[in-house]
Every structure is written in structure tokens, then in C-alpha cells.
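Here are my notes on the model you asked me to look over. Have it open beside you as you read.

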There are 2 protein chains.
Amino acid sequence: MKFLHTSDWHLGRQFHHVSLLEDQASLLAQLIDYIKNHSVDAVIIAGDIFDRSVPPTKAIELLNKTLNTICEELKTPVILIPGNHDSAARLNFGAKQMKASGLHIVSSFDQMVEPITIETKQAGLVSFYGMPYSDPESVKHHFQQPVSTHDEAHQLLADKIKDCFISEHKNVLVSHCFVDGAIESDSERPLSIGGSDRVSHEHFVDFDYVALGHLHQPQKKGAEYIRYSGSLMKYSFSEQHHKKGMTLVEFDKDGFKTSEHIDLKPRHDMRVIEGNMDEILQAAKSDPNNEDYVLVRLMDKHAILEPMEKFRTVYPNILHLEKPGMLVGVEQELGAASLKRSEIDMFEDFFQEAQKSSLNEAQKEVIEQVIQQLTCQSES
Amino acid sequence: MKFLHTSDWHLGRQFHHVSLLEDQASLLAQLIDYIKNHSVDAVIIAGDIFDRSVPPTKAIELLNKTLNTICEELKTPVILIPGNHDSAARLNFGAKQMKASGLHIVSSFDQMVEPITIETKQAGLVSFYGMPYSDPESVKHHFQQPVSTHDEAHQLLADKIKDCFISEHKNVLVSHCFVDGAIESDSERPLSIGGSDRVSHEHFVDFDYVALGHLHQPQKKGAEYIRYSGSLMKYSFSEQHHKKGMTLVEFDKDGFKTSEHIDLKPRHDMRVIEGNMDEILQAAKSDPNNEDYVLVRLMDKHAILEPMEKFRTVYPNILHLEKPGMLVGVEQELGAASLKRSEIDMFEDFFQEAQKSSLNEAQKEVIEQVIQQLTCQSES
């Protein structure tokens, strides 16, 4: 028996004011192709389906189309839970009516203890339990139990599920939480400050497999069978070295057998390019992936006129520019000399670039006077 | 064969800053009770399910709970279409997966020509066609046909559906539009100005029954079998004399047999009370329905201190106050005399009410001076 574990689709995400919907659609088309060409008995989406509680209609349409293909055409059941980015109440609409067609949206504690059971020759009966994203307050309120941390909440929820175990079934948990010690990245919305959102993997060891969502890097936690699949694609430049895709899990009659990362190839990679302006423009000429989403970290120490325009001619999808070289300069000057000196420096850079020649002494004197006058005016 | 025709639920509506959700829940509980106690083969909701494209989660939860009871517990199929207040794309999510459970959300032109067919001993095969709310632009764009008015759009859509008719089936249309000559009220959002939103009933005469939504007053249009059920409840004081509820339709082997209005009883009625302050307060003492949502039309011609507070002691759910008596006074004075005279009048009313005595001549002189000073200051 084989199932695909995915998470953190974040459909509808904008990144530096660019919609990623086309990129997401292309990755979901690859996921669908995989199911068409391989034996897959179920698909799990472990939360953060959408990027926000009220997603744009285009994102809803993409999810709808994707699920129609997987459930209706390919007859492959889908099990999904809301994450911290999703609205459980909005995702829950029609959930009962969808179950008959193999679309299982688990977004309440009542549904949590009603497993979706799939039977195969290879692995017998496997029960999938969805644990919708839940903060300690809502767990405390629902179960009327003293719960104050994410760890206590998830221990209680795991215990509720374990009470439902049927001895001859294998058991899979789907959960969206921050399992202790896992690696974070910039694009995961923080749950809380100071670590009180951490959950021990020990609450989950009795399951045969734990399909986690929330962290964007694929990784295991404490055991081979407690895993994050990672996000559908890179959602931050800090994820530039992450693997992205989905996890294929295989069960046999003894339960968990193997897991394997399946790469999904993005239309545009997301990466950081560092160097001086001239070096970067030169290297770009032979860069085969110049349509990637790039962040340029410009190391030049002098001011450059309209650098974004220059980079856009070679990297049309440049999204952001950092100037650590300039910052180093400013910091040094702030420590050592006056700010007026720095303004002259800036103007000399600008003049050099615009006129292709240096300021002569007479010109420099005029500019110094102008700067002095402007500074006096702004101080008066 | 019997089915319930309802429309214009507007779940999540606020009226004068008051949420009507509890009122709506109480009416839907009556609808459910009716299905429990009578033979009902289907329920139609002809659009404007929600009050806006992104409804509040409480409204989504109420609809979900209601549909779960009707479809899952009572095993009664539901056929619904979006109206002009709904987002078709948002309502469409999961629609394919819901059909197997008897929840039919028809929100695209593709689904429009795939009827939901219900078979009964009494009426044989009856096909229900949903026509999602559609403006001329989207019809023109989708079918690449020259369409510029609502009338042309609905003629084209009706023709598309008639092409799918199966000779031995009875045919029911569900549509959300403004059929020509129907009575309007304040709470229907205008579709357009100048009547270009009107649709002739003649496009619909070939159906056995036409379940319309959009207008809030129950009424027939051109034939007994082309009907508006009217809205779930009153959504405007202009609807104070409307009947509200749902329409029970009966079919036999020849198709349409009868239709009957079924009253739904609101927790709070919505009505207008007109009179002088003293008369209204006196009559309120013996008003058994003093918790109704009321608009008071106050006919007194003099200013009254904090009238809302006074009315709220007897009508706790007073929502709005109009003062046509005061307006008559202002209009007369604006025509005949200066505004300064009117301010003195207002102050005399206030003094009388606060002190229970009239201004004497000396007091009046002081006030006139103060008003004159203030007026000069504000003009300088």
C-alpha cells in the first residue's frame, strides 16, 4: 500500500507582490501526473491548504479542480486537515456530503475520532486520523480539561485518538503542529514566541506513521515514521536550499515499510544571487535559469542608479534587492565621520554613473555649498 | 410528489447593526420540522443563500448544520443555486463531491445542463435544472453569443436547457432573476438601473414549474407555475406586510398540480409604528409583541429629549426612528422664516422637557443673545 504525504500548499500566496498561483498549478499538475502513472492508494494534505482564512476565488478554483481530478477521475481518496493558515469553519462546509466521494476534510474534534479506513491487499486495514490544527485554548474549551500548552493539547488529542484504535488496524495520524527540535524557515507563520508551541514527538510514537505539516523542510522527527513532507514549493528565500515535493510512504502487513521523497520541479526556482553589479550582469548572460525568482544581494560599496531596472533586463523575475555593501559603508561612516561627507560621496557616485566622468574641483565646491544650504534649511 | 421551494435566505445579514442569525436559525428549524412531519421529496433554494460573497463563519456553520440535517438525517435532496449576493466560485467548492450525498449546488453553466432527476410513483421522472445567477456579460463571454441584456441572457440559457429536455421527464427550472412586472421591495439589492435587468416570463413557459428567487414577496408571474417563494423572513421595513415562508409544490403524473404558501413564524416580526410619543408609549403597555423589530415613525412636531431611550424601555428591539413631524416643521420654517427662530423653538422644547416649565421672558432674552453670539462666531 502506498500513499502520498504532502502539506503546506499555501494556495493563493503572494510573494513580493507576485501571485504564485501559476507556479502552484504547475506543481499540482505534476502531483496529478504522479498519481496517474503510479499506484497511489490515498493522498494526504497535512494543513495550510490555503494561505489565509479567506482565500482568493482563484485559489479555491485551483483546489477544487485539483481535488475533482484526484477524487472523481482518478478515484483516489484525499484526506486533508486545516492548518494555522486555514479557516476550519470555512473548509468544513459540505464536509459530510463530500465523504461519499472520497474527499475527507477533517476539521473538527468530532470528525477527528472517526477514522477514514482504507483496505488493501498489501497492508490490510489502515485507519487515517486527521487532527485539525488546534491551539491550547480551543482544546481546553472543547474538552473542559486543564490544558495550557500546545504540547499538553496534542498529548490530549493523541490520547483521544488512541482510545479509538482498533487492534487489527494500522494507524496513520495527520497533524499540523511544530514538533520539537524541527528546523524552521522564514515562511512559516510563527505560532507563538518562546517555544510554547513545541510538541514532543513522544505523543505520536504509537502510530504507524505520522504525516506532519507546518514546517517547510522535509524531515523526520525522532523516528523514521514521524515526518514532515515539507511545503509544495519554496515560499521564502531562506528556503533556497530546501528540497521540495512530497513524501511517498509504503506500508506492508507490518505497517510502515519505507518513505521516499519525490521531487516536484518548480516553473521558477527561488534563489539568492550575491556579488557586485558587474559580476552578476556578466554571469547572467550564461545563466540558463534566468527566469527564476531571485533575490540579489548587491555587494558594491558605492551607490548605483536604478539597479532593479538593470537586473530586470537579465533576471525578469527579480523580486528583491538587498545592498549589504552599502550598509557596511554607512555603518563605517556613521562611526567615523559626519553624514555630510556621505552625501557628497553619494553624489559623486551618481555623477560618475550619469556623466561617465568624475566631479572636478569647481563642481565639487558647488555641490558642497548646495548640500550645506539644504542641510541648514532642513535644520532651521 | 411534493417539493419545497424557498429562496433568499440571506444568511449572515445584519439589519440596523443587529445580527439576524438567531432569527434565521429559528426559521430554518421550522423548515426542518416541516420536512420531518410531512412528505417532501426535495428542497430548492433559489439563490441568495448568503448575504454576501464572503459570509461570516457563523452563517456558513448555520447553513452547514441545516444541510447536514436535511441531506444526511432526513435523506432529502437539496438543489441550490447562487444568487447575486453569493459568490458562485466559493459556493462551488466541493460541489462534485457533494452530489453523491444529495446536495446539489449548481453554480456553473456546465452543471446547468446536467439535471438532477428525482423519480417518484406519483409524478414519474422529474428533472431539476439549476440556472446559476448570471449577468449578460458572463453569458456573452461563456457562450460567445451576442447578448447585451438580462432578458437575452436568460432566453439563451433557457434555450440551452430546453435542448436537454428528455421527452418523458417533467422539468423544473431554478433561477434567480427579476421577472418582468414583479413587485420589488427595499431589501433586494438592485441589479441595474432603468429596467435592463428585467426578464420576460415567456422564456420559461415550457417548464412544468419555475422556482424563482430574487424578489422577496411570494408571487406568481404570468402563470400559476412560475413563482417566487419570497424570502425566508422580512429584511426591510418596507416588507412589513409581506407573507414570509416557503412554497410547497405538488406534481402528479401530468406535472404541476398545486402550489401552497407555508408560513414560517419569525421570533421577532418586523413592523412600523406611527404616532405621537405619548400615544405610542401608552399603547405599548398592552402590546403583546413588544419584542418585535420596530421602526418608530414619530409624528410629534416638537423636539423630544432622547426618544430612542424612551422607546427602548417598551420596545427593546427598536431599530430605527424617523421624525417626519420634525421634518414637516423644518421644511415650513426653511420656507417661511429664519433659522435663528427655529433654534429658539428647539431650545424651548428642550427646556420644557428638562424643567417641566416654560422659558420666562428674561430667560428667553438671555438665550436669544447666546444664540446670536454663537451664530456670529460661527460665521466669522
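1. Look at A:Val366 in helix α12 (residues 361–379) of chain A. Its relative accessibility is 47%, so A:Val366 counts as partly exposed (buried is under 20%, exposed over 50%, partly exposed in between). Helices are DSSP runs (H or I, at least four residues), numbered from the N terminus.

2. A word on ground rules: this is a predicted model, where local features need pLDDT of at least 70 and side-chain atom pairs count only at pLDDT 80 or more, while totals for chains, interfaces and linings use all residues. Residues are numbered from 1 along each chain as its sequence is written, chains are lettered from A and ligands numbered from 1 in the order written, and side-chain values use heavy atoms, without hydrogens and water.

3. Now the largest pocket, with a volume of about 890 Å³. Of its 31 lining residues, A:Asn92, A:Ser107, A:Ser108, A:Phe109 and B:Glu61 are the closest to its centre. On a 1 Å grid over the protein atoms alone, a pocket is an open set of points with protein on both sides within 12 Å along at least five of seven lines; a cavity is a set where a 1.4 Å probe fits but cannot get out, and lining residues have an atom within 4 Å of a point.

4. Which helix gives the most to that lining? It's α2(B), with 6 residues. By class, the lining of the largest pocket has 9 nonpolar, 13 polar and 9 charged residues.

5. The second largest pocket holds about 340 Å³ of space. Among its 13 lining residues, B:Ser107, B:Ser108, B:Phe109, B:Ser138 and B:His142 lie nearest the centre. Helix α6(B) supplies the largest share of this lining, 3 residues.

6. Finally, go inside: there are 3 cavities of 30 Å³ or more, and the largest cavity has a volume of about 350 Å³. Nearest its centre, out of 23 lining residues, are A:Ile60, A:Arg90, B:Ile60, B:Arg90 and B:Phe93.

Methods: Points joined across faces, edges and corners; volume = space filled by probe spheres on them. Helix = DSSP H or I, 4+ residues; strand = E, 2+ residues; numbered from the N terminus. Nonpolar A, V, L, I, M, F, W, Y, C, P; charged D, E, K, R; others polar. Buried < 20%, exposed > 50% of the residue type's maximum accessible area, 1.4 Å probe, protein only.
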